Amino acid sequence: MSVALSQSIASAASEASATTAVGVKADAPPRQPISMVLGRFSAVFLWAGFIVIFGLLKPDIFLTVSTFRLTFSEGVVTAMLALAFLIPLTAGAYDLSVGAMMGLSLVVMNHFSAYHSSVPIGLVAIGAILLCCLVGLVNGLLVVKFRVNSLIATLGMSQVLMAAELKMSDNRQILGSFSDGFQNLGTRNVFGLPIVMIYLLVLGAVIWFVLEHTPVGRYLFAVGGNAEAARLAGLNVERLTCGSLVASAAVAGIAGVVYAMKIGTFSAEAGPGLLFPALAAVFFGASQFSRRPNVWGTLVAYFALAFGVKGLQLAFGPGTFWIQPLFQGLALLIAVALASRVVGRTRRSRRAQRETSDPEPEPLEPGEPAGQNPVIELA
Amino acid sequence: MNALEIQNLSKTFSGQIVLDRVGLTVGEGEVHALVGQNGSGKSTVIKILAGYHAPDPGASAAVHGRPLQLGSATDAHTSGVRFVHQDLGLVLDLSAVENLMLGRRYPKGFGGRIKWRDARRVARETMARAGLDIDVRTVVGDLGVADRTRLAIARALPERDDDKVVLVLDEPTAALPAHDVDLLFGTIRRLQDAGNSIVIVSHHLDEVLGIADTITVLRDGKQVATTAAHSIDHDTLTRLIVGHALDVSAGAQAPVEASATPALRLAHLCGGAVVDVSAIVYAGEIVGVAGLAGSGREVLASMVTGRLPRLGEVAVDGLPVRPGSPRAALSARVAGVSGERARYGTFPNLGVRQNLTMGSVACHVRYGRIDARKERGEVRRWISSLGIVTRGADAPMTSLSGGNQQKVLVARALRLEPRVLVLDDPTAGVDVGAREQVHRIIETGATEDRAVLLVSTDSAELARICHRVLIMSRGRVVRELRRGHDLTADAIDHAQVAGAAAMNSQEVPTCQ
């Protein structure tokens, strides 16, 4: 969490090399203080800590294959939503409609399986995902063409989607009548792992590849880091932002299909309740590994919290249903508060530097200051 | 008794002396002009008076004979020192009366209800004192610049008419057309007749000579002269501001033979502070643009690179470039670098490598994947050829010093192999050593098939590397200096300061 510290060390290092005036140094791995290295892996340590603590407290019921399988498979859909939220966040846009979007995909799946069972379920799944993409496109157009703040646009959209879901389900649970073969795709174990976990890892790997190894991913991070500079560098900021919201909708749609495979029942509470845990995982995960929103940080952060919740529930009995929101709320607050504190400190010190070094600054021309989203500055 | 008396005012910023024992005496009912080049210390004087900075110990000040504590905003206000800053500080969404009542007490009735009728009457009366006659319910955003200026002045006036103030106007005419300048001066004279004292900061010497009773000249933080305005002429004042007479024999370097191919053509550019600029930059040529604050110099480069919208034509090799689109400019092979790195250049969340290749990584993509090793190789070549000091190709961008960040951005522009390179104050906030290196990079970058447009506030920089320098004033090019003929840093300084006077005062600068 000590970004400011690392920066001061980094600038000291660059000054030192400037005085030697040799130009380039070898690409030695940057040395970092141990506390920072630990901070970058805090979610891993937290996860391991939970396993050790609850393993000691309840070895008989916590340290079992079935508990692990259960915790993983229960978390898959939420973790997928976290990945959906992550994609536009790299470009500095928030998609708060991921939960409702998953609900949309789920209600379509259940509706067709219950009332129009003649349509092949694979076709329905593809249709549901395409429908989500379409809604994502509307989100994107609202944000880039109508200049609606992404928070507001997607929050509004989530309510519209809720309405559609309530209408379609008639405000009742829909028990989907899925074939055994289809349900098997969501409940089976492969190599001892729940099959849905494999889906999640594949999805994560694809998103990771796109974000970290393709031009599109790099351009998304550029838009998130400095949108105006991105525009000046020739990037199509509007298309990137819009595309990221479509991609997030598609991933949420896939999450809905997986939910249908795994559980098979639609209820109106299913989607929106998953938004917050997903969001907490992304923000916590953004402080991990590369210190910007990233796939593996998100997944590790999510499952660290999920194992903590599971352990607490097992250790303290069925009366602890309130543990989960408390846990996830605190994780989000602590992760973001620590990050913001660091950002605030660097801002102040930069302002102080500017004032002392630049006694007569040129008046800035009027215009919006480069808006930066504090979360991206975690990076 | 003097309205304002400042003695022995010094200010040091981290060891650098910005103001050195400056004194300023403004008589009762006097218009006192404060003039000097960019960086001469004018703004620092104003900022200390306004309480934004504290002075070094030893300074003293008095308003109407009562001691004033410098560096305290409240003390300045209660002693009757009022400010109209260059940006005016008006809230554009509020009406004139609401703006005027900011910082004043609204007349209130039962239960704290604002008596709007009374408030409007007060506003009308106050505005009349500043010579402004408009409906007080007008939203400020709908007013013209001249009316806004007078509204800001009205807001600075004391509540009671018989209270006298010292009114400080910082560059009040920078954004005003000539006709409105006359109106503003009418307002200033009216306030002067009412017994107020006025301190005016301005770059426009003809205006200063027309309105001021006394003129104080600052140069490099020192008070060079304080003199009555009627006893000095334009040339003498220019000489005082710049420091010495213009050396006519200067310009020893040989003129540069540029190829006869025009690479960049600007025709009647217009927008913002730019009124009408036409120019041609030939391939192999470095053309500089200079001008004081408000001359239009600030926005010219951005209009060429597509960051800001514009009227008029920009053409590269005869082909017009679509305005307002950085993508269009880039595909016409116009690459830009801005001195405002943090705002328009760098990506703080990415590393040096990603910052350097941003916008054009296609050459390193294989099967949809960025070949990081190949990319890193190219970045290392740039790092060594431009002498970028960094821990490595993958160091965070924020770990580099300002000068080295700037070199990364120059590399980003150069690797596009642009036909036209547009540099907007590229060495702003860059230390001396790195500045030299950036200059060398620009000079070697101006190869035979490249045209360079260099906009800068640094006259020495322009004189050193440019083949020609265009001097801007009030949105137009008023002079052209050529290497080997009359191009020196002093000549640029002189031409900038004198530029405003050369303008026909009847012309109203607006876009048609």
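Trainee: Is B:Glu171 buried, partly exposed or exposed?
Mentor: This is a predicted model, and in it B:Glu171 sits in the loop that links strand S7 (166-170) to helix H6 (178-193) of chain B. A residue counts as buried once 20 or more other C-beta atoms lie within 10 Å of its own. Because B:Glu171 has 23 other C-beta atoms within 10 Å, the class that applies is buried.

Trainee: What is the value of phi at B:Glu171?
Mentor: Most residues other than glycine have a negative phi. B:Glu171, a residue other than glycine, has a positive value instead, and this phi is near 50°.

Trainee: Which loop holds B:Arg333, and what is its phi?
Mentor: B:Arg333 is placed in the loop between helix H10 (326-331) and strand S16 (334-338) of chain B. The phi of B:Arg333 is again a positive value in a residue other than glycine, and it is near 65°.

Trainee: Where does B:Leu470 lie, and is it buried or exposed?
Mentor: B:Leu470 belongs to strand S21 (residues 468-473) of chain B. Because 26 C-beta neighbours are found inside 10 Å of B:Leu470, it counts as buried.

Trainee: Which residues does B:Leu470 touch, leaving out those up to four places away in sequence?
Mentor: The C-alpha atoms of B:Leu470 and B:Arg297 are 9.8 Å apart in space, although the two residues are 173 residues apart in sequence. With residues up to four places away in sequence not counted, the residues that B:Leu470 touches are B:Ala279, B:Val287, B:Gly288, B:Val289, B:Val477 and B:Glu480.

Trainee: How is B:Leu240 classed, and which residues does it touch?
Mentor: B:Leu240 has its place in helix H8 (residues 234-242) of chain B. With 19 C-beta neighbours inside 10 Å, B:Leu240 is therefore classed as partly exposed. Not counting residues up to four places away in sequence, B:Leu240 touches B:Val217, B:Val224 and B:Ala225.

Trainee: What distances separate B:Ile465 from B:Leu240 and from B:Arg440, C-alpha to C-alpha?
Mentor: B:Arg440 lies in helix H15 (residues 432-445) of chain B, and it is partly exposed, because 13 other C-beta atoms lie within 10 Å. B:Leu240 is 225 residues along the chain from B:Ile465, and their C-alpha atoms are separated by 27 Å. For B:Arg440 and B:Ile465, which are 25 residues apart along the chain, the C-alpha separation is 8.7 Å.

Trainee: Why is chain B described as being as compact as a globular protein of its length?
Mentor: Chain B has 17 helices and 22 strands. The globule rule gives 24 Å for 512 residues, and the radius of gyration of chain B is close to that value, so the chain is as compact as a globular protein of that length, with a radius of 26 Å.

Trainee: What are the spans of the C-alpha trace of chain B, and what share of its residues is buried?
Mentor: Among the contacts in chain B with a separation of 6 or more, 68% come from residues 24 or more positions apart. Along its principal axes the C-alpha trace of chain B spans about 75 × 60 × 50 Å. Of the 512 residues of chain B, the share that counts as buried is 50%.

Trainee: At what angle do H3(A) and H15(A) cross, and with which hand?
Mentor: The axes of helix H3 (residues 42-57) and helix H15 (residues 295-316), both of chain A, come within 9 Å and cross at roughly 20°. H3(A) and H15(A) are therefore roughly parallel to each other, and their crossing is left-handed.

Trainee: How are H5(A) and H6(A) arranged, and which residues make the contact?
Mentor: In chain A, the axes of helix H5 (residues 65-90) and helix H6 (residues 98-115) come within 10 Å and cross at roughly 125°. That angle makes H5(A) oblique to H6(A), and the crossing is right-handed. The contact is made by A:Leu81, A:Ala84 and A:Phe85 of H5(A) together with A:Val98, A:Gly99 and A:Met102 of H6(A).

Technical notes:
Residues numbered from 1 in each chain as written. Chains lettered and ligands numbered in written order. Predicted model: local features only at pLDDT ≥ 70, side-chain atom pairs only at ≥ 80, totals over all residues. Axes fitted to C-alpha atoms, helices over the stretch in contact; angles between N-to-C directions. Helix = DSSP H or I, 4+ residues; strand = E, 2+ residues; numbered from the N terminus. Parallel < 35°, antiparallel > 145°, perpendicular 65-115°, else oblique. Left-handed = near helix turned anticlockwise from the far one by under 90°. Contact = placed C-beta atoms within 7 Å. Rg over C-alpha atoms; globule rule 2.2 N^0.38 Å. Buried ≥ 20, exposed ≤ 12 C-beta atoms within 10 Å, placed from the backbone.
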